[in-house]
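Visitor: I am new to reading protein models. Please walk me through this one, feature by feature.
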Amino acid sequence: MSVEERLRELGIELPPPPKPLGAYVPTVQVDDLVFVAGMKASIGGEMKFRGKVGSDLTVEEGYEAAKICALNCLSALKEALGSLDKVERIIQVFGFVNSAEGFNQQPKVLNGASDILLKIFGEKGQHARIAVGSNELPEDSPVEVAMIVKLKT
Amino acid sequence: MSVEERLRELGIELPPPPKPLGAYVPTVQVDDLVFVAGMKASIGGEMKFRGKVGSDLTVEEGYEAAKICALNCLSALKEALGSLDKVERIIQVFGFVNSAEGFNQQPKVLNGASDILLKIFGEKGQHARIAVGSNELPEDSPVEVAMIVKLKT
Amino acid sequence: MSVEERLRELGIELPPPPKPLGAYVPTVQVDDLVFVAGMKASIGGEMKFRGKVGSDLTVEEGYEAAKICALNCLSALKEALGSLDKVERIIQVFGFVNSAEGFNQQPKVLNGASDILLKIFGEKGQHARIAVGSNELPEDSPVEVAMIVKLKT
(Lines give C-alpha, C1' and ligand atoms only; values in the text may rest on other atoms or scores of the structure.)
Protein backbone atom coordinates (compact mmCIF):
# COMPACT_ATOMS: atom_id res chain seq x y z
CA MET A 1 0.00 0.00 0.00
CA SER A 2 1.35 3.44 -0.87
CA VAL A 3 1.73 6.07 1.82
CA GLU A 4 -0.93 8.14 0.09
CA GLU A 5 -3.36 5.23 0.22
CA ARG A 6 -2.47 4.67 3.85
CA LEU A 7 -3.17 8.33 4.66
CA ARG A 8 -6.58 8.04 3.00
CA GLU A 9 -7.31 4.83 4.87
CA LEU A 10 -6.44 6.55 8.14
CA GLY A 11 -8.54 9.57 7.19
CA ILE A 12 -5.55 11.86 7.50
CA GLU A 13 -5.29 14.97 5.40
CA LEU A 14 -1.88 16.58 5.45
CA PRO A 15 -1.89 20.27 6.36
CA PRO A 16 -0.72 22.73 3.68
CA PRO A 17 3.08 22.97 3.47
CA PRO A 18 4.16 25.18 6.37
CA LYS A 19 5.93 28.45 5.64
CA PRO A 20 9.21 29.04 7.50
CA LEU A 21 9.04 31.65 10.28
CA GLY A 22 12.50 32.94 9.39
CA ALA A 23 15.36 32.99 6.92
CA TYR A 24 15.58 29.25 6.39
CA VAL A 25 13.99 26.50 4.29
CA PRO A 26 11.60 23.75 5.41
CA THR A 27 13.80 20.88 4.15
CA VAL A 28 17.32 20.26 2.94
CA GLN A 29 18.17 17.11 1.02
CA VAL A 30 21.74 15.84 1.05
CA ASP A 31 22.22 12.66 -0.94
CA ASP A 32 19.61 10.29 0.50
CA LEU A 33 19.02 12.18 3.73
CA VAL A 34 16.46 14.92 4.25
CA PHE A 35 16.66 17.27 7.21
CA VAL A 36 13.26 18.72 8.09
CA ALA A 37 13.15 22.02 9.99
CA GLY A 38 11.39 22.37 13.33
CA MET A 39 7.60 22.57 12.89
CA LYS A 40 4.99 23.98 15.21
CA ALA A 41 1.36 23.20 15.98
CA SER A 42 -0.19 25.32 13.25
CA ILE A 43 -2.29 24.53 10.20
CA GLY A 44 -2.16 26.90 7.27
CA GLY A 45 -0.45 29.54 9.40
CA GLU A 46 -3.01 29.40 12.21
CA MET A 47 -1.88 28.08 15.59
CA LYS A 48 -4.10 25.18 16.68
CA PHE A 49 -2.74 25.08 20.23
CA ARG A 50 -0.76 27.55 22.31
CA GLY A 51 0.85 27.46 25.73
CA LYS A 52 2.55 25.17 28.17
CA VAL A 53 1.69 21.54 28.60
CA GLY A 54 1.03 20.83 32.27
CA SER A 55 -0.67 24.18 32.94
CA ASP A 56 -2.34 25.76 29.89
CA LEU A 57 -2.78 22.41 28.16
CA THR A 58 -3.35 18.80 29.18
CA VAL A 59 -1.14 15.92 28.10
CA GLU A 60 -3.89 14.91 25.66
CA GLU A 61 -3.90 18.37 24.06
CA GLY A 62 -0.11 18.29 23.89
CA TYR A 63 -0.37 14.89 22.20
CA GLU A 64 -2.66 16.38 19.55
CA ALA A 65 -0.30 19.32 19.10
CA ALA A 66 2.64 16.95 18.60
CA LYS A 67 0.65 15.08 15.95
CA ILE A 68 0.07 18.33 14.05
CA CYS A 69 3.79 19.14 14.23
CA ALA A 70 4.66 15.73 12.79
CA LEU A 71 2.09 16.10 10.00
CA ASN A 72 3.61 19.50 9.17
CA CYS A 73 6.98 17.77 8.83
CA LEU A 74 5.41 15.25 6.46
CA SER A 75 3.70 18.01 4.49
CA ALA A 76 7.04 19.76 4.05
CA LEU A 77 8.62 16.47 3.01
CA LYS A 78 5.89 15.78 0.46
CA GLU A 79 6.25 19.30 -0.94
CA ALA A 80 9.99 18.70 -1.37
CA LEU A 81 9.88 15.11 -2.64
CA GLY A 82 6.62 15.02 -4.60
CA SER A 83 5.62 11.80 -2.85
CA LEU A 84 6.03 10.35 0.64
CA ASP A 85 6.53 6.95 -0.97
CA LYS A 86 10.16 7.97 -1.43
CA VAL A 87 10.70 7.70 2.33
CA GLU A 88 12.78 4.68 3.30
CA ARG A 89 12.94 5.44 7.01
CA ILE A 90 12.16 8.09 9.58
CA ILE A 91 15.56 8.17 11.30
CA GLN A 92 15.35 10.66 14.10
CA VAL A 93 12.70 12.86 15.68
CA PHE A 94 13.63 15.90 17.77
CA GLY A 95 10.77 16.91 20.02
CA PHE A 96 10.58 19.94 22.27
CA VAL A 97 7.66 20.34 24.65
CA ASN A 98 6.76 23.79 26.00
CA SER A 99 6.65 22.64 29.61
CA ALA A 100 5.04 24.06 32.72
CA GLU A 101 7.08 23.96 35.92
CA GLY A 102 7.22 20.41 37.19
CA PHE A 103 5.90 18.84 34.01
CA ASN A 104 7.95 15.74 33.18
CA GLN A 105 5.81 13.76 30.78
CA GLN A 106 7.39 15.00 27.56
CA PRO A 107 7.51 11.42 26.19
CA LYS A 108 3.72 11.03 26.48
CA VAL A 109 3.24 14.29 24.62
CA LEU A 110 5.66 13.39 21.86
CA ASN A 111 3.98 10.02 21.36
CA GLY A 112 1.48 12.14 19.44
CA ALA A 113 4.18 12.55 16.79
CA SER A 114 5.65 9.07 17.11
CA ASP A 115 2.33 7.22 17.01
CA ILE A 116 1.19 8.90 13.82
CA LEU A 117 4.53 8.18 12.14
CA LEU A 118 4.18 4.50 13.04
CA LYS A 119 0.57 4.40 11.82
CA ILE A 120 1.50 5.95 8.50
CA PHE A 121 4.85 4.31 7.79
CA GLY A 122 4.76 1.09 9.84
CA GLU A 123 8.29 -0.27 10.42
CA LYS A 124 9.75 2.51 8.30
CA GLY A 125 8.37 4.95 10.83
CA GLN A 126 10.38 3.52 13.74
CA HIS A 127 12.70 6.33 14.76
CA ALA A 128 15.16 7.31 17.45
CA ARG A 129 13.86 10.26 19.47
CA ILE A 130 15.13 13.13 21.52
CA ALA A 131 12.36 14.39 23.82
CA VAL A 132 13.03 17.34 26.07
CA GLY A 133 11.26 20.23 27.73
CA SER A 134 11.62 23.84 26.73
CA ASN A 135 10.57 26.92 28.70
CA GLU A 136 9.39 28.83 25.64
CA LEU A 137 8.80 27.96 21.98
CA PRO A 138 8.18 30.06 18.85
CA GLU A 139 4.68 31.59 18.74
CA ASP A 140 3.99 29.88 22.07
CA SER A 141 3.56 26.54 20.30
CA PRO A 142 3.18 23.74 22.86
CA VAL A 143 5.42 21.46 20.81
CA GLU A 144 8.10 21.69 18.15
CA VAL A 145 9.10 18.66 16.08
CA ALA A 146 11.94 18.26 13.57
CA MET A 147 13.18 15.11 11.86
CA ILE A 148 15.82 13.45 9.74
CA VAL A 149 14.58 11.08 7.06
CA LYS A 150 16.27 8.59 4.75
CA LEU A 151 15.07 8.25 1.17
CA LYS A 152 14.94 5.14 -0.99
CA THR A 153 17.85 4.97 -3.39
CA MET B 1 42.77 -3.23 23.13
CA SER B 2 39.11 -3.93 22.45
CA VAL B 3 36.44 -1.65 23.86
CA GLU B 4 35.22 -4.54 26.02
CA GLU B 5 38.70 -4.99 27.50
CA ARG B 6 38.92 -1.24 28.03
CA LEU B 7 35.60 -1.24 29.89
CA ARG B 8 36.86 -4.03 32.15
CA GLU B 9 40.13 -2.19 32.74
CA LEU B 10 38.17 0.91 33.73
CA GLY B 11 35.89 -1.15 35.96
CA ILE B 12 32.85 0.01 34.02
CA GLU B 13 29.82 -2.20 33.73
CA LEU B 14 27.31 -1.06 31.16
CA PRO B 15 23.76 -0.69 32.46
CA PRO B 16 21.12 -2.99 30.98
CA PRO B 17 19.81 -1.75 27.60
CA PRO B 18 17.35 1.05 28.39
CA LYS B 19 13.72 0.66 27.37
CA PRO B 20 12.21 3.55 25.37
CA LEU B 21 9.73 5.71 27.31
CA GLY B 22 7.52 6.06 24.25
CA ALA B 23 6.71 4.91 20.74
CA TYR B 24 10.24 4.98 19.41
CA VAL B 25 13.34 2.78 19.25
CA PRO B 26 16.67 3.23 21.10
CA THR B 27 18.80 3.28 17.94
CA VAL B 28 18.41 3.61 14.19
CA GLN B 29 21.22 2.58 11.87
CA VAL B 30 21.45 4.13 8.42
CA ASP B 31 24.38 2.90 6.40
CA ASP B 32 27.38 3.49 8.68
CA LEU B 33 25.69 5.99 10.99
CA VAL B 34 23.77 5.14 14.14
CA PHE B 35 21.41 7.63 15.74
CA VAL B 36 20.97 6.93 19.46
CA ALA B 37 17.82 8.22 21.16
CA GLY B 38 17.92 10.56 24.16
CA MET B 39 18.82 8.66 27.34
CA LYS B 40 18.17 9.60 30.94
CA ALA B 41 19.92 8.99 34.25
CA SER B 42 18.35 5.64 35.03
CA ILE B 43 19.75 2.14 35.45
CA GLY B 44 17.47 -0.78 34.73
CA GLY B 45 14.43 1.49 34.76
CA GLU B 46 15.25 3.10 38.11
CA MET B 47 16.16 6.79 38.17
CA LYS B 48 19.56 7.28 39.82
CA PHE B 49 19.22 11.07 40.05
CA ARG B 50 16.26 13.42 39.78
CA GLY B 51 15.85 17.18 39.74
CA LYS B 52 17.52 20.36 38.64
CA VAL B 53 21.26 20.88 38.65
CA GLY B 54 22.08 24.06 40.54
CA SER B 55 19.34 23.61 43.15
CA ASP B 56 18.33 19.98 43.79
CA LEU B 57 21.69 18.64 42.63
CA THR B 58 25.30 19.80 42.64
CA VAL B 59 27.46 20.03 39.52
CA GLU B 60 29.22 16.86 40.69
CA GLU B 61 25.93 14.97 40.93
CA GLY B 62 24.95 16.28 37.50
CA TYR B 63 28.31 15.06 36.20
CA GLU B 64 27.54 11.56 37.51
CA ALA B 65 24.07 11.70 35.99
CA ALA B 66 25.53 12.67 32.61
CA LYS B 67 27.91 9.72 32.81
CA ILE B 68 24.97 7.35 33.37
CA CYS B 69 23.16 8.85 30.38
CA ALA B 70 26.20 8.29 28.17
CA LEU B 71 26.60 4.71 29.38
CA ASN B 72 22.94 4.11 28.57
CA CYS B 73 23.64 5.31 25.04
CA LEU B 74 26.53 2.85 24.81
CA SER B 75 24.38 0.06 26.22
CA ALA B 76 21.77 0.72 23.55
CA LEU B 77 24.50 0.79 20.91
CA LYS B 78 25.95 -2.50 22.10
CA GLU B 79 22.50 -4.08 22.12
CA ALA B 80 22.03 -2.97 18.50
CA LEU B 81 25.51 -3.71 17.17
CA GLY B 82 26.55 -6.75 19.22
CA SER B 83 29.90 -5.13 20.00
CA LEU B 84 31.13 -1.60 20.70
CA ASP B 85 34.27 -2.47 18.73
CA LYS B 86 32.27 -1.61 15.62
CA VAL B 87 32.34 2.06 16.59
CA GLU B 88 34.63 4.13 14.39
CA ARG B 89 33.82 7.49 15.95
CA ILE B 90 31.47 9.20 18.35
CA ILE B 91 30.41 12.07 16.08
CA GLN B 92 28.03 14.24 18.02
CA VAL B 93 26.66 14.39 21.55
CA PHE B 94 23.45 16.27 22.35
CA GLY B 95 23.26 17.12 26.02
CA PHE B 96 20.38 18.72 27.87
CA VAL B 97 20.78 19.71 31.50
CA ASN B 98 17.71 20.17 33.72
CA SER B 99 18.80 23.58 34.99
CA ALA B 100 17.84 25.63 38.03
CA GLU B 101 17.34 29.34 37.50
CA GLY B 102 20.68 31.02 37.01
CA PHE B 103 22.61 27.78 36.47
CA ASN B 104 25.00 28.20 33.55
CA GLN B 105 27.54 25.42 33.95
CA GLN B 106 25.94 22.94 31.57
CA PRO B 107 29.36 22.18 30.02
CA LYS B 108 30.79 21.03 33.37
CA VAL B 109 27.82 18.72 33.85
CA LEU B 110 28.06 17.26 30.38
CA ASN B 111 31.75 16.58 30.80
CA GLY B 112 30.45 13.59 32.75
CA ALA B 113 29.33 12.17 29.41
CA SER B 114 32.27 13.45 27.37
CA ASP B 115 34.99 12.31 29.78
CA ILE B 116 33.71 8.75 29.92
CA LEU B 117 33.49 8.59 26.11
CA LEU B 118 37.10 9.75 25.86
CA LYS B 119 38.23 7.25 28.50
CA ILE B 120 36.53 4.38 26.74
CA PHE B 121 37.16 5.22 23.10
CA GLY B 122 40.25 7.47 23.18
CA GLU B 123 40.57 9.53 20.00
CA LYS B 124 37.52 7.80 18.54
CA GLY B 125 35.52 9.28 21.39
CA GLN B 126 36.29 12.88 20.44
CA HIS B 127 32.93 14.36 19.53
CA ALA B 128 31.27 17.66 18.71
CA ARG B 129 28.79 18.62 21.42
CA ILE B 130 25.63 20.64 21.85
CA ALA B 131 25.18 21.51 25.55
CA VAL B 132 22.13 23.46 26.61
CA GLY B 133 19.84 23.95 29.56
CA SER B 134 16.28 22.72 29.75
CA ASN B 135 13.59 23.74 32.25
CA GLU B 136 12.14 20.24 32.53
CA LEU B 137 13.17 16.78 31.34
CA PRO B 138 11.39 13.41 31.14
CA GLU B 139 10.92 11.76 34.57
CA ASP B 140 12.71 14.76 36.08
CA SER B 141 16.05 13.39 34.90
CA PRO B 142 18.81 15.93 35.57
CA VAL B 143 20.39 15.21 32.19
CA GLU B 144 19.45 13.78 28.82
CA VAL B 145 22.09 12.66 26.34
CA ALA B 146 21.72 11.50 22.73
CA MET B 147 24.40 10.80 20.15
CA ILE B 148 25.29 10.10 16.55
CA VAL B 149 27.95 7.46 15.95
CA LYS B 150 29.88 6.31 12.90
CA LEU B 151 30.60 2.62 12.42
CA LYS B 152 33.65 0.99 10.88
CA THR B 153 33.01 -0.05 7.30
CA MET C 1 33.60 34.82 -5.91
CA SER C 2 35.28 32.85 -3.13
CA VAL C 3 33.82 32.84 0.36
CA GLU C 4 36.90 34.69 1.59
CA GLU C 5 36.33 37.43 -1.00
CA ARG C 6 32.69 37.55 -0.04
CA LEU C 7 33.58 37.98 3.63
CA ARG C 8 35.90 40.86 2.74
CA GLU C 9 33.22 42.46 0.57
CA LEU C 10 30.77 42.22 3.47
CA GLY C 11 33.36 43.63 5.86
CA ILE C 12 33.12 40.55 8.04
CA GLU C 13 36.10 39.39 10.03
CA LEU C 14 35.72 35.91 11.49
CA PRO C 15 36.34 35.69 15.23
CA PRO C 16 39.30 33.59 16.38
CA PRO C 17 38.53 29.85 16.47
CA PRO C 18 36.52 29.28 19.65
CA LYS C 19 37.93 26.97 22.31
CA PRO C 20 35.61 24.23 23.57
CA LEU C 21 34.22 24.77 27.08
CA GLY C 22 34.55 21.09 27.86
CA ALA C 23 35.90 17.71 26.88
CA TYR C 24 34.87 17.82 23.25
CA VAL C 25 36.10 19.15 19.91
CA PRO C 26 34.72 22.07 17.85
CA THR C 27 34.10 20.01 14.70
CA VAL C 28 33.94 16.39 13.61
CA GLN C 29 34.17 15.48 9.94
CA VAL C 30 32.66 12.23 8.74
CA ASP C 31 33.05 11.67 5.03
CA ASP C 32 31.60 14.81 3.48
CA LEU C 33 29.65 15.97 6.52
CA VAL C 34 30.97 18.22 9.26
CA PHE C 35 29.22 18.47 12.62
CA VAL C 36 29.97 21.78 14.32
CA ALA C 37 29.60 21.96 18.11
CA GLY C 38 27.30 24.44 19.82
CA MET C 39 28.82 27.93 19.86
CA LYS C 40 28.06 30.86 22.13
CA ALA C 41 28.11 34.65 21.78
CA SER C 42 31.76 35.17 22.63
CA ILE C 43 34.71 36.53 20.69
CA GLY C 44 38.17 35.38 21.66
CA GLY C 45 36.85 33.93 24.92
CA GLU C 46 35.04 37.11 25.96
CA MET C 47 31.24 37.03 26.11
CA LYS C 48 29.78 39.81 23.93
CA PHE C 49 26.25 39.41 25.27
CA ARG C 50 24.83 37.73 28.34
CA GLY C 51 21.34 37.07 29.63
CA LYS C 52 17.83 36.31 28.51
CA VAL C 53 16.28 37.71 25.36
CA GLY C 54 12.97 39.35 26.23
CA SER C 55 14.14 40.74 29.58
CA ASP C 56 17.92 41.37 29.81
CA LEU C 57 18.26 41.78 26.05
CA THR C 58 16.13 43.03 23.17
CA VAL C 59 15.34 41.01 20.07
CA GLU C 60 17.88 43.14 18.20
CA GLU C 61 20.62 42.33 20.70
CA GLY C 62 19.67 38.67 20.52
CA TYR C 63 19.92 38.90 16.72
CA GLU C 64 23.48 40.25 17.03
CA ALA C 65 24.33 37.50 19.52
CA ALA C 66 23.03 34.85 17.10
CA LYS C 67 25.19 36.33 14.36
CA ILE C 68 28.28 36.00 16.56
CA CYS C 69 27.39 32.37 17.32
CA ALA C 70 27.09 31.60 13.60
CA LEU C 71 30.41 33.32 12.85
CA ASN C 72 32.02 31.23 15.59
CA CYS C 73 30.71 28.11 13.84
CA LEU C 74 32.26 29.34 10.59
CA SER C 75 35.53 30.15 12.34
CA ALA C 76 35.67 26.61 13.73
CA LEU C 77 34.85 25.24 10.27
CA LYS C 78 37.60 27.30 8.65
CA GLU C 79 40.08 26.17 11.29
CA ALA C 80 39.18 22.55 10.52
CA LEU C 81 38.96 22.77 6.73
CA GLY C 82 41.54 25.41 5.89
CA SER C 83 39.03 27.21 3.68
CA LEU C 84 35.30 27.89 3.75
CA ASP C 85 35.28 27.41 -0.01
CA LYS C 86 35.06 23.69 0.69
CA VAL C 87 31.50 24.16 1.96
CA GLU C 88 28.90 22.76 -0.43
CA ARG C 89 25.88 23.46 1.76
CA ILE C 90 24.87 24.54 5.23
CA ILE C 91 22.43 21.71 5.97
CA GLN C 92 20.99 22.30 9.38
CA VAL C 93 21.20 24.97 12.06
CA PHE C 94 20.27 24.23 15.67
CA GLY C 95 19.49 27.40 17.55
CA PHE C 96 18.73 27.78 21.23
CA VAL C 97 17.62 31.13 22.60
CA ASN C 98 18.01 31.91 26.31
CA SER C 99 14.43 33.06 26.73
CA ALA C 100 12.70 35.22 29.31
CA GLU C 101 9.27 34.08 30.49
CA GLY C 102 6.74 34.72 27.77
CA PHE C 103 9.31 35.38 25.04
CA ASN C 104 8.26 33.59 21.86
CA GLN C 105 10.21 35.28 19.09
CA GLN C 106 13.08 32.79 18.90
CA PRO C 107 12.86 32.78 15.07
CA LYS C 108 13.53 36.54 14.88
CA VAL C 109 16.56 36.12 17.12
CA LEU C 110 17.95 33.22 15.13
CA ASN C 111 17.56 35.12 11.89
CA GLY C 112 20.77 36.78 13.06
CA ALA C 113 22.48 33.48 12.35
CA SER C 114 20.45 32.57 9.26
CA ASP C 115 20.75 35.96 7.56
CA ILE C 116 24.54 36.04 7.83
CA LEU C 117 24.79 32.51 6.45
CA LEU C 118 22.67 33.52 3.45
CA LYS C 119 24.72 36.68 2.91
CA ILE C 120 27.98 34.77 2.97
CA PHE C 121 27.02 31.56 1.15
CA GLY C 122 24.02 32.57 -0.96
CA GLU C 123 21.98 29.51 -2.02
CA LYS C 124 24.51 27.23 -0.37
CA GLY C 125 23.62 28.89 2.91
CA GLN C 126 19.94 27.86 2.77
CA HIS C 127 19.48 25.56 5.73
CA ALA C 128 16.80 23.75 7.68
CA ARG C 129 16.53 25.14 11.20
CA ILE C 130 15.48 24.07 14.66
CA ALA C 131 14.72 27.16 16.77
CA VAL C 132 13.70 26.72 20.38
CA GLY C 133 13.84 28.48 23.71
CA SER C 134 16.03 27.42 26.59
CA ASN C 135 15.77 28.54 30.23
CA GLU C 136 19.54 28.66 30.75
CA LEU C 137 22.58 28.42 28.47
CA PRO C 138 26.31 27.97 29.12
CA GLU C 139 27.99 31.11 30.52
CA ASP C 140 24.59 32.82 30.31
CA SER C 141 24.99 33.20 26.54
CA PRO C 142 21.76 34.56 25.04
CA VAL C 143 22.05 32.17 22.09
CA GLU C 144 23.73 28.90 21.18
CA VAL C 145 24.09 27.79 17.57
CA ALA C 146 25.34 24.49 16.15
CA MET C 147 25.27 23.25 12.57
CA ILE C 148 25.74 20.40 10.16
CA VAL C 149 27.55 21.20 6.91
CA LYS C 150 28.15 19.31 3.69
CA LEU C 151 31.50 19.60 1.93
CA LYS C 152 32.23 19.58 -1.77
CA THR C 153 33.45 16.19 -2.94
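Predicted model: local features only at pLDDT ≥ 70, side-chain atom pairs only at ≥ 80, totals over all residues.
**How the copies are arranged**

Visitor: What rotation superposes chain B on chain C?

Guide: A rotation of 120°, with 0.0 Å of shift along its axis and an RMSD of 0.0 Å. Here too the copies use different surfaces: 8% of the contact residues of chain B recur in chain C.

**Where the chains touch**

Visitor: How many residues does the contact take from chain A and from chain C?

Guide: Chain A supplies 24 residues and chain C supplies 26.

Visitor: Which elements give two or more residues to the side of chain A that touches chain C?

Guide: They are strands E1 (27-30), E2 (33-39), E5 (87-98) and E7 (143-151) of chain A. E2(A) gives the most, with 4 residues. Now sort that side of chain A by class: 15 residues are nonpolar, 5 polar and 4 charged.

Visitor: In what order do the strands of the chain A sheet lie?

Guide: Read across the sheet, strand by strand. The order is E1-E2-E7-E5-E6 in chain A. These 5 strands form an open sheet with mixed pairing.

Visitor: Which strands are at the edge?

Guide: Look for strands that pair on one side only. In chain A these are E1 and E6 (128-134). From one strand to the next, the twist averages 15°.

Visitor: In which sense do E5(A) and E6(A) pair, parallel or antiparallel?

Guide: Parallel, over 7 bridges. For one pair to find on screen, take Phe94(A): its bridge partner in E6(A) is Ile130(A).

Visitor: What about the sheet of chain C?

Guide: It is an open sheet of 5 strands in the order E1-E2-E7-E5-E6, and the pairing is mixed. E1 (27-30) and E6 (128-134) of chain C stand at the edges with a single partner strand each, so one side of each has no neighbour in the sheet. Neighbouring strands are turned by 15° against each other on average, direction ignored.

Visitor: In which sense do E2 and E7 of chain C pair?

Guide: E2 (33-39) and E7 (143-151) of chain C pair in the antiparallel sense over 5 bridges. Find Val36(C): it stands opposite Met147(C) in E7(C).

**Helices on the sheet**

Visitor: Which strands does H2(C) touch?

Guide: H2(C) packs on the sheet and touches E1, E2, E5 (87-98) and E7 of chain C. Its direction makes about 40° with that of E7(C). H3(C) lies across E5, E6 and E7 of chain C, at about 160° to E5(C).

Visitor: Where do the helices of chain A lie?

Guide: H2 (59-81) of chain A lies across E1, E2, E5 and E7, running at about 40° to E7(A). H3 (106-121) of chain A lies across E5, E6 and E7, running at about 160° to E5(A).

**Helix against helix**

Visitor: At what angle do the axes of H2 and H3 of chain B cross?

Guide: Compare the two axes. H2 (59-81) and H3 (106-121) of chain B cross at roughly 40°, and their axes come within 7 Å. That makes H2(B) oblique to H3(B). The crossing is right-handed.

Visitor: Which residues make the contact?

Guide: Among them are Val59(B), Ala66(B) and Leu71(B) of H2(B), with Val109(B), Ala113(B) and Leu117(B) of H3(B). The contact divides into 12 nonpolar, 3 polar and 3 charged residues.

Terms used. Residues numbered from 1 in each chain as written. Chains lettered and ligands numbered in written order. Axes fitted to C-alpha atoms, helices over the stretch in contact; angles between N-to-C directions. Parallel < 35°, antiparallel > 145°, perpendicular 65-115°, else oblique. Left-handed = near helix turned anticlockwise from the far one by under 90°. Contact = placed C-beta atoms within 7 Å. Nonpolar A, V, L, I, M, F, W, Y, C, P; charged D, E, K, R; others polar. Least-squares fit on C-alpha atoms with pLDDT ≥ 70 in both. Pairing = 2+ DSSP bridges.
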